[in-house]
Number of protein chains: 6
Amino acid sequence: MHAVRVNGFACKDPMAATPEDFFNAAMLDQPRDTKASKVRSNVTNINVINFPGLNTLGISLARIDYGPLGVNTPHIHPRATELLTVLEGTLYLGFVTSNPNRLFSKIVKKGDVFVFPKAMIHFQMNLAHDKPAAALSSLSSQNPGVISIANAVFGSKPPISDDVLATAFQVEKDLIHWLQSQFWGNTDY
Amino acid sequence: MHAVRVNGFACKDPMAATPEDFFNAAMLDQPRDTKASKVRSNVTNINVINFPGLNTLGISLARIDYGPLGVNTPHIHPRATELLTVLEGTLYLGFVTSNPNRLFSKIVKKGDVFVFPKAMIHFQMNLAHDKPAAALSSLSSQNPGVISIANAVFGSKPPISDDVLATAFQVEKDLIHWLQSQFWGNTDY
Amino acid sequence: MHAVRVNGFACKDPMAATPEDFFNAAMLDQPRDTKASKVRSNVTNINVINFPGLNTLGISLARIDYGPLGVNTPHIHPRATELLTVLEGTLYLGFVTSNPNRLFSKIVKKGDVFVFPKAMIHFQMNLAHDKPAAALSSLSSQNPGVISIANAVFGSKPPISDDVLATAFQVEKDLIHWLQSQFWGNTDY
Amino acid sequence: MHAVRVNGFACKDPMAATPEDFFNAAMLDQPRDTKASKVRSNVTNINVINFPGLNTLGISLARIDYGPLGVNTPHIHPRATELLTVLEGTLYLGFVTSNPNRLFSKIVKKGDVFVFPKAMIHFQMNLAHDKPAAALSSLSSQNPGVISIANAVFGSKPPISDDVLATAFQVEKDLIHWLQSQFWGNTDY
Amino acid sequence: MHAVRVNGFACKDPMAATPEDFFNAAMLDQPRDTKASKVRSNVTNINVINFPGLNTLGISLARIDYGPLGVNTPHIHPRATELLTVLEGTLYLGFVTSNPNRLFSKIVKKGDVFVFPKAMIHFQMNLAHDKPAAALSSLSSQNPGVISIANAVFGSKPPISDDVLATAFQVEKDLIHWLQSQFWGNTDY
Amino acid sequence: MHAVRVNGFACKDPMAATPEDFFNAAMLDQPRDTKASKVRSNVTNINVINFPGLNTLGISLARIDYGPLGVNTPHIHPRATELLTVLEGTLYLGFVTSNPNRLFSKIVKKGDVFVFPKAMIHFQMNLAHDKPAAALSSLSSQNPGVISIANAVFGSKPPISDDVLATAFQVEKDLIHWLQSQFWGNTDY
């Protein structure tokens with residue numbers, strides 16, 4: 001990729017392109033570890049950041065692994081709709097619409113498909129206490145972005161003022177501080 | 001507007017259009033009451049929902065009134081960038097980027113302009129203890145939508161499972177229940 | 001901004017961005033002088049040219065000041081719809097549609113909103129003989145452009161041939177020359 | 001075409017489509033009369049209005065005939081770039097850019113191609129005193145629209161206020177009235 | 001879906017939507033039969049045709065099953081890029097670029113990802129003589145369309161003239177007739 | 001054009017632009033030789049590759065010359081709709097839709113117009129045994145691309161595997177090899 005950025009990335013000279021530019025040994029068939037995660041899940045993204053050949057093509061992927069009771073916590077993709085296919089297990093999933101805030105949720109199983117419209121808050125959870133689950137998601141942008149709600153609100157660098165958050169969540173500042181203390185780093189996924 | 005919906009709304013016969021279709025007596029110069037709001041703010045939207053002539057035109061407005069220490073709580077517009085102009089007072093405002101979750105915040109005063117890129121979580125707060133503030137926001141969609149984070153996460157109808165939320169915020173379910181009890185209705189703005 | 005232009009401008013490295021990139025001390029609350037203008041108006045643009053952080057974001061602003069009987073003369077924005085909010089005073093405003101050329105005009109007052117669809121010829125005039133007026137316009141492009149009709153037709157550099165203009169306006173060339181003599185410079189707004 | 005309008009037109013059931021839907025006996029090889037026109041030109045449009053099969057396809061055509069010294073007067077297409085091919089004769093043509101108002105003009109002959117970028121004011125004139133000229137234009141929209149400057153400014157229905165026009169063109173109202181009297185009808189092309 | 005078509009489909013009233021609208025029991029984990037196919041492959045599409053909730057969302061899926069030496073024959077998707085993930089087996093796959101016609105091909109295995117840019121001719125083949133293969137493809141349109149080259153060229157209804165085809169493929173008409181006789185039906189996938 | 005590529009090309013500094021940048025001496029009125037072509041046709045493209053001023057403007061042209069019984073063989077433009085005007089002669093032309101593969105064909109004569117929707121396989125043939133024909137096509141992209149089906153399938157560099165092609169066309173490999181031998185070079189048009 002070129003150092004010039006134009007709402008994305010500049011393209012390689014097409015005559016210099018090779019089949020490798022359109023290929024990624026993503027190992028999407030391999031389960032990922034979920035034990036290192038506080039929320040017992042692990043997201044593997046395959047997008048323009050690590051697969052430059054997707055530039056301008058308007059699509060990308062993510063594999064999501066869930067440990068027992070693992071959660072892909074509420075988040076949004078600012079630039080993409082997500083179409084999720086269950087690879088393994090049973091998931092409780094849903095999204096919340098914009099005004100009014102209705103929840104559309106469902107329990108889905110292996111082979112099912114569910115769609116999260118662009119920029120809506122959505123989540124998934126593995127309902128099993130004793131076995132993993134996995135999903136493969138298709139995203140309608142080569143660079144979908146992700147904003148994990150809890151982390152963005154309580155774990156941004158620098159933090160959002162506790163005045164704003166105490167008012168927003170209608171709680172005391174002590175509780176905000178305690179919530180902020182749960183998030184000590186940005187998980188870049 | 002026609003009953004047919006096509007990613008928005010159907011259009012009126014252009015030969016039947018009149019100047020009134022392009023006009024709205026929005027009274028955007030008038031302060032709105034902020035006392036009835038738990039967060040001490042009030043958002044007046046002027047978009048395709050109440051101004052049908054904006055259909056397909058890609059732009060809309062919102063006036064935001066803030067009481068003393070009033071907060072326009074963290075939210076996203078899934079379909080629009082927002083360009084805010086301070087009409088009155090001094091605001092602390094900011095947005096959080098997608099991966100990593102950096103906060104871009106600033107204190108702005110009357111006459112200043114600040115931009116919140118599309119679908120990023122953003123907020124504003126009136127820093128004054130004793131007087132109101134106001135802003136006029138331009139949005140790059142006739143139907144920007146709004147998702148208030150606290151309300152969508154803790155006040156959706158039906159609610160998101162406490163298992164998901166307890167894991168997401170890394171807290172006990174009792175606290176989730178208490179947070180959920182703060183939100184008993186969707187504020188449609 | 002980078003020297004490379006791609007239907008707009010190249011972007012800054014996102015990791016080098018700061019809150020200042022999203023901020024502009026536009027002083028949009030301050031009236032501008034209208035006395036130096038032959039048409040008794042003054043347009044202050046806040047767009048990607050002087051606010052680079054708007055690049056790719058699809059929105060910009062303009063403050064328009066009108067002296068007594070001041071006119072924002074007929075013009076088009078080739079790349080934007082304009083949504084005008086009256087800040088002060090009473091305006092006569094309107095736009096002309098494409099085939100057929102119908103005028104949609106209206107008298108609007110403080111707090112009212114009126115929309116000029118993309119690339120339509122439009123204008124505003126302060127109806128007061130003795131006091132100023134002002135408006136704040138939102139535009140659906142970070143780089144809307146402006147083509148002032150009288151100036152573009154009679155004041156371009158170099159001028160359009162008088163054969164074309166005499167035929168277009170159905171008048172003698174002497175009159176065209178006289179009209180051309182009224183415009184001795186491009187007002188860049 | 002369906003009576004529902006959605007920023008254009010609704011589509012026919014694709015299974016009911018026939019080859020005739022994609023065909024138009026436009027007789028674009030036939031010269032049109034230019035004598036009935038005060039400006040000695042005649043524009044034949046082939047777009048979604050008379051060729052419904054172009055709906056959603058993003059392209060249309062116009063044949064332009066010029067009598068001796070005939071002019072296609074300054075106008076804009078609000079929704080299209082125009083790429084003109086000279087079929088016959090020699091034309092003086094050009095367009096004016098937005099801020100600043102530079103004229104890009106040229107004399108072109110049979111077989112030459114010239115492009116007028118979207119929504120810029122442009123014109124053509126047959127330079128010959130004694131023979132016709134013709135051009136075929138491609139437009140980047142199925143519904144490009146056209147706003148003839150002189151007609152829109154001085155011949156709209158109802159007319160634009162003479163206060164606005166006298167100020168805009170820096171002339172007396174008497175002259176505005178005289179200019180307005182030249183335009184007694186909308187030429188719908 | 002509504003009977004009105006507007007470059008796709010009209011939308012349901014959002015207040016009448018339920019979680020079922022965003023769900024499809026696609027059984028994408030289940031192998032499909034490939035024995036009934038002359039080319040030993042089977043494509044299962046999950047797009048707006050059988051999953052209306054994808055309307056306007058810009059994404060869809062396809063599961064592709066390959067028998068031993070099965071081929072997903074050269075075809076294009078006129079409205080989508082395709083991002084293929086190998087679920088099982090080893091595939092030889094590739095696409096041909098537009099002018100010049102370079103082939104970008106590769107042998108890929110389970111877990112690998114390969115992208116076919118929008119509207120390029122592409123294909124896949126199971127290299128194994130004795131076992132099946134499968135892939136899951138993500139497509140950047142809710143209605144990608146498919147044009148199978150051999151079928152469209154030699155099996156359209158009605159057929160393309162043998163004069164055209166004999167010239168195009170530089171062969172005798174007898175051979176064209178024989179090729180046409182291989183295709184006696186449109187496979188709608 | 002700049003060496004940086006961003007889904008097209010970078011733009012020239014607008015202040016350095018001259019009228020020549022918007023002009024091309026394409027000689028589109030001049031018949032081209034069709035005798036050197038095995039298929040008795042010749043396509044002259046006027047697009048961003050040889051007319052850089054079209055960059056970002058969304059339109060281009062092609063002149064097509066046909067010798068007696070000449071064929072513009074089945075091909076697609078991956079990024080453009082094509083609107084064809086017959087300049088001379090009588091053509092048999094058509095396109096094949098995506099699933100199902102219906103042929104929409106027609107015989108058209110001088111002055112007629114026919115449209116080929118984006119990325120559909122289409123062709124034209126001069127029906128006259130003894131005289132040339134010609135057409136002027138407008139394309140809805142400055143860089144439409146072209147994929148000639150026979151050449152892309154049987155003449156790509158390197159070739160597509162004969163296993164794939166024998167299965168796709170339901171013939172023996174010997175015939176595939178013979179078809180491949182007809183194409184010994186990419187015609188870049």
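## Where two domains meet

There are zero salt bridges between domain 1 of chain A and domain 2 of chain A. Keep in mind that this is a predicted model. What does turn up between domain 1 of chain A and domain 2 of chain A is a set of three residue pairs in polar contact, both partners at pLDDT 80 or more.

Sorted by class, the side of domain 1 of chain A that touches domain 2 of chain A holds six nonpolar, five polar and one charged residues.

Now for the bounds: the domain assignment of chain A runs domain 1 over 32-144 and domain 2 over 146-189. The contact draws 12 residues from domain 1 of chain A and seven residues from domain 2 of chain A.

How much area do domain 1 of chain A and domain 2 of chain A bury between them? About 750 Å², with 61% of it on carbon and sulfur atoms. In domain 1 of chain A, the residues that lose the most area to domain 2 of chain A are Lys38(A), His75(A) and Ile76(A), which together make up 43% of what that side buries.

| Residue | Relative accessibility |
|---|---|
| Gln182(C) | 13% |
| Asn55(C) | 8% |

Is Gln182(C) buried or exposed? Gln182(C) counts as buried because its relative accessibility is 13%, and the cut-off for buried is under 20%. You'll find Gln182(C) in the segment after α3 (173-181) of chain C. Its side chain and that of Ser181(C) are joined by a polar contact of 3.3 Å. Leaving out residues up to four places away in sequence, Gln182(C) touches Lys38(C), along with Phe169(D) and Gln170(D).

Asn55(C) sits in the loop between β2 (41-46) and β3 (60-66) of chain C. At 8% relative accessibility, Asn55(C) is counted as buried too. Which residues does Asn55(C) touch, not counting those up to four places away in sequence? They are Phe9(C), Ala10(C), Cys11(C), Val48(C) and Gln142(C).

Key: Residues numbered from 1 in each chain as written. Chains lettered and ligands numbered in written order. Predicted model: local features only at pLDDT ≥ 70, side-chain atom pairs only at ≥ 80, totals over all residues. Heavy atoms only, no water. Helix = DSSP H or I, 4+ residues; strand = E, 2+ residues; numbered from the N terminus. Buried < 20%, exposed > 50% of the residue type's maximum accessible area, 1.4 Å probe, protein only. Polar contact = N/O pair within 3.5 Å; in protein donor to acceptor, adjacent residues only side chain to side chain. Contact = heavy atoms within 4.5 Å. Domains from an automatic or database assignment. Buried area = accessible area lost by both parts, 1.4 Å probe. Salt bridge = Lys/Arg side-chain N within 4 Å of Asp/Glu carboxyl O. Nonpolar A, V, L, I, M, F, W, Y, C, P; charged D, E, K, R; others polar.
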